[in-house]
Amino acid sequence: MDDAGFIFACYGVTLGALLMYAGVLLRRARRTGRAAKHEDLPWT
Amino acid sequence: MSITVPNVEGEQLHARRAWMRQWRGVTSTAFSRVLGIVTLVGLAWLVIFGLVLSPEDEIQDSSVRILYIHVPTAWVAYLAFGVTALCSAMYLFRPAHSLTWDRIAGASSEIGVMFMGLTLVTGALWGRLTWGVFWAWDARLTTTAFLFVTYIGYLAVRRLGGSHQARARRSAVLGLLAVLEIPLVHFSVRLWRSLHQEASVANPNGDVKLDGLMLFSLMVGLVSFTLLYAWLVLHRQRVMYLEDRYEDADLDLALAQRRAENEENSRG
Amino acid sequence: MWRTARLVASKDLLIEWRSRQVTNQVLPFAGLTLVLFAFALDRDDITARVAPGLFWLATTFSLIVLVQRTFAVETSDGALDTLRVAGVDPAGIYLGKSLALAVQLLVLEVLLVIGVVVFYASNIRPAGIVLVVTAGLLATCGLAFVGTLYGGLAAGAKGRETLLPLLLLPVVAPVLIGATRAFEAAFGTRGGNGIRAGVEIADGWPWVGMLAVFAAVFGTAGVLAFGPLLEEA
């Protein structure tokens with residue numbers, strides 16, 4: 001595979017950024033939701 | 001005299017549920033968990049097909065592999081902004097002015113900005129491989145860049161503060177104005193570039209033809225990125241709900257705790 | 001609505017006439033940008049060719065300052081809130097402020113054109129005057145409409161002043177493109193790497209059409225959107 005560097009960079013940056021964002025999002029959910037009661041949330 | 005009988009089973013069940021809840025996220029539901037797993041499987045497929053299983057293109061060799069990422073991110077970015085515009089309209093024009101529309105619009109715009117940034121980066125890398133340049137001044141690329149900057153402005157406006165309804169109203173108006181602005185930008189840039197009729201290094205209008213296994217890889221990318229988008233918007237929107245509702249509560253809680261500490265210290 | 005617009009416009013222009021802030025501060029600023037462009041470009045043969053672009057760049061940057069000025073006038077004493085509470089038609093406020101802004105912009109542009117002719121040694125073809133005036137008027141309307149609208153969004157409380165350029169400049173891009181091309185047609189020059197050295201005046205008119213569409217679209221949008229924007233619950 002020529003230009004392997006570019007291609008791996010693409011995949012790595014994209015998937016890495018997205019997965020990191022997802023992780024940060026879940027952590028933020030946990031932190032902000034500390035005060036919330038499980039039953040009060042409209043999606044449960 | 002009354003005896004309280006300890007409800008052992010009930011307590012055990014409660015403890016187990018609490019333990020489970022600690023591992024599952026606050027914003028998760030059964031649906032979102034299934035969605036997440038399917039998305040991860042799809043992304044894994046994408047990596048396998050995109051990097052390994054799909055063949056090389058005759059003309060472009062392996063740079064076509066970048067397209068399996070680039071096209072889906074572009075698609076999701078535009079989808080996200082379409083959703084933002086739609087939800088902005090729903091918020092403004094429905095008499096209930098439900099804040100849920102505003103939250104979905106905001107969540108979608110944040111994720112859209114991220115995907116748009118990734119689109120620009122992956123597109124630049126692909127352009128470098130295919131045309132030899134990182135950038136070309138054509139209507140599609142320029143509009144993409146403008147969309148990116150416009151929605152960064154939108155995100156900044158969302159942070160201006162004030163009541164939640166004020167934020168929603170401001171953002172919704174801005175979201176709809178962006179829908180007006182982008183076609184104008186696109187059209188004027190296209191008209192502008194059509195003046196430069198010399199043969200350019202980059203021919204952005206030459207779309208790549210994909211078929212067979214390559215097309216399948218692209219489809220896998222499109223589907224899994226769309227699922228990922230849905231999962232991200234779902235969670236982001238719920239986090240926004242939590243922030244709206246509980247950030248004040250969190251502050252009050254911290255203040256109350258601090259006050260209680262001070263009282264104890266002064267008493268003891 | 002039109003009566004309100006006229007009242008608001010004359011109020012803004014009167015304030016400007018009395019304080020002379022635009023004439024004393026913004027016009028020199030615009031002139032300075034023209035000079036700085038010449039320093040930065042450092043090529044006498046180019047400046048005449050890019051003169052239309054530099055003219056509209058200077059106008060666009062001055063627009064930002066003008067918009068901030070036009071809303072600073074209101075928010076310093078909470079005047080906008082007072083107007084709103086008094087039940088004044090927000091569409092009228094919008095049109096009035098746009099009108100005042102347009103007038104100030106036109107004064108600025110007239111002086112800038114003189115500056116461009118003087119500094120950059122460009123000359124307008126006599127046949128192109130109609131094109132220049134039409135394009136200039138339509139572009140100014142578009143800029144005024146858009147500036148007032150986004151100014152209403154970004155004006156006032158702290159933390160908002162730096163938001164205005166970020167919001168405004170992407171939206172203004174079509175005007176920049178269209179007006180520059182129209183002026184190039186009128187001036188008879190072509191900047192950049194176009195093939196033909198000369199431009200026909202007729203080439204400018206499609207751009208004028210686009211400027212008209214821009215002004216119409218954002219004028220309408222502004223009239224509709226200014227009311228909701230002013231409400232700060």
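Modeller: Start with axes: an axis is a line fitted to C-alpha atoms, for helices over the stretch in contact, and angles run from 0 to 180 degrees between N-to-C directions. Helices (H or I, at least four residues) are DSSP runs, numbered from the N terminus. This is a predicted model, in which local features need pLDDT of at least 70, side-chain atom pairs count only at pLDDT 80 or more, and totals for chains, interfaces and linings use all residues. Residues are numbered from 1 along each chain as its sequence is written, while chains are lettered from A and ligands numbered from 1 in the order in which they are written.

Biologist: At what angle do helix 4 of chain B and helix 6 of chain B pack?

Modeller: The angle is about 55°, and the axes are 10 Å apart. Angles under 35 degrees count as roughly parallel, over 145 as roughly antiparallel, 65 to 115 as roughly perpendicular and the rest as oblique. Helix 4 and helix 6 of chain B are therefore oblique to each other.

Biologist: Which residues of helix 4 of chain B meet helix 6 of chain B?

Modeller: Two residues are in contact if their C-beta atoms, placed from the backbone, lie within 7 Å. From helix 4 of chain B come B:Leu99, B:Asp102, B:Ala105 and B:Gly106. Their partners in helix 6 of chain B are B:His164, B:Ala168, B:Ser171, B:Ala172 and B:Gly175. For classes, Ala, Val, Leu, Ile, Met, Phe, Trp, Tyr, Cys and Pro count as nonpolar, Asp, Glu, Lys and Arg as charged, and the others, Gly among them, as polar. This helix contact has 4 nonpolar, 4 polar and 1 charged residues.

Biologist: How many residues does each chain give to the contact of chain B with chain A?

Modeller: Chain B gives 34 residues and chain A gives 27. On the chain B side, helix 7 gives the most, with 13 residues. That side divides into 18 nonpolar, 8 polar and 8 charged residues.

Biologist: How many residues of chain C are in contact with chain B?

Modeller: The number is 26, against 27 residues of chain B. Helix 7 of chain C supplies the largest share of the chain C side, 10 residues. The chain C side has 18 nonpolar, 4 polar and 4 charged residues.

Biologist: Which residues touch the most other members of the largest nonpolar core?

Modeller: A nonpolar core is a set of buried Ala, Val, Leu, Ile, Met, Phe, Trp, Tyr and Cys residues joined through C-beta atoms within 7 Å. Buried means that 20 or more other C-beta atoms lie within 10 Å of a residue's own. Of the 139 residues in the largest core, C:Ala135, C:Val146, C:Tyr150, C:Ala182 and C:Leu211 touch the most other members.

Key: Helix = DSSP H or I, 4+ residues; strand = E, 2+ residues; numbered from the N terminus. Buried ≥ 20, exposed ≤ 12 C-beta atoms within 10 Å, placed from the backbone.
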